[in-house]
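The entries follow the order in which I looked things up.

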Amino acid sequence: FMIKTDHAIIRQQQRHITNDDIDFLFKYGVKVRQPHDCAIVHLSKKGKKIAKELDIKPTICGVVDLGKNVLITVEHRYKRIKNF
């Protein structure tokens, strides 16, 4: 389990994302590297299918600082994620 920023904890509460949802995200998630040593973690196609079966929203997504290994924020992502 990784460390969360205060921002991530607040956003998690506001967006009704449980700790189990985040564990699921990191188990079935795909990391897409971004500029400034960060990555977006989102569910793969297989992960989304399993999420629907377990009644977890398949749109959950997180932003991770790869240098410090810290979860910066969590969100429901509907936009396309670009590779850099």
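The notes below go from the sheet to the helices, the cores, the salt bridges and the loops.

**Ground rules.** I am working with a predicted model, in which local features need pLDDT of at least 70 and side-chain atom pairs count only at pLDDT 80 or more, while totals for chains, interfaces and linings use all residues. Residues are numbered from 1 along each chain as its sequence is written, and side-chain values use heavy atoms, with hydrogens and water left out.

**Sheet.** I took helices (H or I, at least four residues) and strands (E, at least two) as DSSP runs, numbered from the N terminus. Two strands count as paired if DSSP finds at least two bridges between them. I found an open sheet of five strands in the order 1-5-4-3-2, with mixed pairing.

I then went through two of the pairings. Strand 2 and strand 3 are antiparallel and share six bridges; Gln34 faces Cys38 in strand 3. Three residues lie between these strands in their hairpin, where His36 has a positive phi near 65°. Strand 3 (residues 38-43) is also antiparallel to strand 4 (residues 60-65), with five bridges joining them. Here I found His42 opposite Cys61 of strand 4.

**Helix 2.** Helix 2 (residues 19-28) lies across strand 1, strand 2, strand 3, strand 4 and strand 5 (70-76), and runs at about 100° to strand 3. For that angle, axes are lines fitted to C-alpha atoms, for helices over the stretch in contact, and angles run from 0 to 180 degrees between N-to-C directions. I sorted residues by relative accessible area: buried is under 20%, exposed over 50%, partly exposed in between (1.4 Å probe, protein chains only). In helix 2, Asp21, Ile22, Phe24 and Leu25 are buried. They line one face of the helix, because they fall within an arc of 160° seen down its axis; the arc is that of the directions from the helix axis to the C-beta atoms. Asp20 and Lys27 are exposed on the face turned away from the buried side of helix 2.

**Helix 3.** I listed Gly47, Ile50 and Ala51 as buried in helix 3. Their arc around the axis is only 105°, which puts them on the same side of helix 3. The buried residues of helix 3 pack against helix 2 and strand 3. On the face turned away from the buried side, I found the exposed residues Lys45, Lys49, Lys52 and Glu53.

**Cores.** A nonpolar core here is a set of buried Ala, Val, Leu, Ile, Met, Phe, Trp, Tyr and Cys residues joined through side-chain atoms within 4.5 Å. The largest has 15 residues, of which Phe24, Leu43, Ile60 and Leu71 touch the most other members. At least two residues of this core come from each of helix 2, strand 3, helix 3 (45-53), strand 4 and strand 5. Helix 2 gives the largest share, three residues. A second, separate core has five residues, among them Val32, Ile40, Cys61 and Ile81.

I also looked up the contacts of Ile60 (heavy atoms within 4.5 Å). Not counting residues up to four places away in sequence, Ile60 touches Ile17, Asp21, Leu25, His42, Leu43, Glu75 and His76.

**Salt bridges.** I counted a side-chain nitrogen of Lys or Arg within 4 Å of a carboxyl oxygen of Asp or Glu, and the count is two. Arg33 pairs with Asp37, with 3.7 Å between the closest N and O atoms. Glu75 and Arg77 form a salt bridge at 3.3 Å, N to O.

**Loops.** Which residue sits in the loop between helix 3 and strand 4? I found Asp55 there, with a positive phi of about 60° although it is not a glycine. Asp55 is exposed, at a relative accessible area of 74%. Asn69 is in the loop between strand 4 and strand 5, and has a positive phi of about 55°, again without being a glycine. Most residues other than glycine have a negative phi. Asn69 and Met2 are 67 residues apart along the chain, and their C-alpha atoms are separated by 6.9 Å.
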